[in-house]
Amino acid sequence: CLLLSTLRACGPCFIKLGQWAATRPDIFEAQLCNLLSQLHCACPTHSFEITKQSIESAFKKRLEDVFLDFVCEPIASGTIAQVHIGTIISPESGQKVQVAVKVRHPNIEVYVKRDLKLLYTVANLFSKILSLHNIGVVEGVENFASTMVAQLNLLKETKHLEKFRMNFENFDQIIFPKPIKSLCYESLLIESFEPGIPLTSILSGKISSSDKISSSDNIQQNRFSNLSAAEKKTIAKLGLTAFFKMMLVDNFVHGDLHPGNILLYQDNNNKLRLTILDAGLVIQLTEKDRQNFIDLFKAVIEGNGAKGAELMATRSRKPITDSKKIDKFKIEMDKLFSETVAKKLSDIEVGYVMSSMLNICRNYQVHLEPNFASLIVGVLVLEGISKQLNSDFNLIQDTKPLLQDRKIVSKLIIGTLADIQRSWLTKSYILK
């Protein structure tokens, strides 16, 4: 594809721009978003010599004096950094441990600064000359710039990982790598190496020898090629648990939760576990925005189109001032929600409804707050992954019992879901 190859050739900032655009179906067509999502796969790597220089510059030591063993070829690469495997003597336990070494690409800050300046110039030019101010081009670039800059300092990712580990300390099947704080720098992050196969490989059914389980044991590759229906359902439920806990309980959500950042592994007790990687970007809502998101989720299920339209309009970065356009926006949203509540509860696909909502928002230039839109995209990704693993998956049916069983929700969340069911019964809709 010419577009993808061009973005890759233009460098990390443009690759990241494409990745970001893939998460904004409220601005871009769904077909384009699906195409750009391919940019989450393999990004360009830098040479081992540059990696060695970066490590030695950070530690003021030779690489051989820092690591007992170091694999020259990276096992993964993103737009900001690439990852190697190494072995060190842990400064905490004194034991030999295997680690993942995340090394920032050379001159990335310079390239980002240059590329963002170019993007701002182009965005302003297009906005003024082509009258594109109504679709929020400049605001989109501003949002993208903030997410790009936030991921440049790997010390921030270190703090994010610590927070996630604390939030999930009682969940032995949802894992985040442990950063070794004393060995982390702005340009270098050393964390525990967590074995596993990327969920992208499992979903595609193409598990290859390059899918790293551990440095020496590849037995589980065949194991994961033949997952049972029950095991796939378990994986879907684990992903559901992780996302809804982040969103509804912790208000600390992984901002780049695509299948390539999730690993599957079976531990020594034969338990399946998910490891979540790449925590450089997180989403946190203000209390008001968080409540608005929960209210929007309720509005979808209750079929309250007017309320849903009002919530999205008030969350728009540029509120609609044309009363006729507002009325049309509400009518379309109400029609969508009415069609939703006409279905049985078990037949409602929240992902489809929210995707349709984003399409209506785009048609009426209702641009949601970036974090608000990102959470909606998170729900779409979650439902998409879960349905690939379990064709019978239903977000509404599976959410409440799972959250209750895991004992991770507050009275607010249980109350929200209970309110949905009560309103459904009160309005005499048929539950089957």
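Predicted model: local features only at pLDDT ≥ 70, side-chain atom pairs only at ≥ 80, totals over all residues.
A helix here is a DSSP run of at least four residues, marked H or I, and helices are numbered from the N terminus.

In sequence, lysine 237 and leucine 389 are 152 residues apart, yet their C-alpha atoms are 10.0 Å apart in space.

Next, the aromatic rings. How many aromatic pairs does the structure hold? There are nine. One of them joins phenylalanine 243 and phenylalanine 244. A pair of aromatic rings is described by the distance of the centres and the angle of the planes. For phenylalanine 243 and phenylalanine 244, the centres are 5.8 Å apart and the planes are at 85°. An angle over 60 degrees counts as edge-to-face, so this pair is edge-to-face. Phenylalanine 243 is buried, at 3% relative accessibility, and phenylalanine 244 is buried too, at 2%.

There is also a cluster linked by ring pairs: Phe164, Phe168, Phe171, Phe176 and Phe252. Two lysines come into this part of the picture. The charged end of lysine 163 sits over the ring of phenylalanine 252, 5.9 Å from the ring centre. The charged end of lysine 245 sits over the ring of phenylalanine 168, 4.8 Å from the ring centre.

Lys245 and Phe252 come up again with asparagine 167. Setting aside neighbours within four places in sequence, asparagine 167 is in contact with Lys245, Asp250 and Phe252. Asparagine 167 is in helix H8, residues 154-167. Is asparagine 167 buried or exposed? It counts as buried, because its relative accessibility is 15% and the limit is under 20%.

Now to strand E9, residues 262-266. Five of its five residues are buried, so E9 is largely enclosed by the rest of the structure. In a regular strand the side chains alternate between the two faces of the sheet. In E9, Ile262, Leu264 and Gln266 point one way, while Leu263 and Tyr265 point the other way.

Which strands does E9 pair with? Strand E7, residues 197-198, is joined to E9 by two bridges and runs antiparallel to it. Proline 198 stands opposite leucine 263 of E9. Strand E10, residues 272-276, is joined to E9 by five bridges, again antiparallel. There, isoleucine 262 has isoleucine 276 as its bridge partner. The hairpin of E9 and E10 has five residues between the strands, and in it asparagine 270 takes a positive phi near 65°.

Methods. Residues numbered from 1 in each chain as written. Heavy atoms only, no water. Buried < 20%, exposed > 50% of the residue type's maximum accessible area, 1.4 Å probe, protein only. Contact = heavy atoms within 4.5 Å. Phe/Tyr/Trp six-rings, centres within 6.5 Å; stacked < 30°, edge-to-face > 60°. Lys NZ or Arg CZ within 6 Å of the ring centre and 35° of its normal. Pairing = 2+ DSSP bridges.
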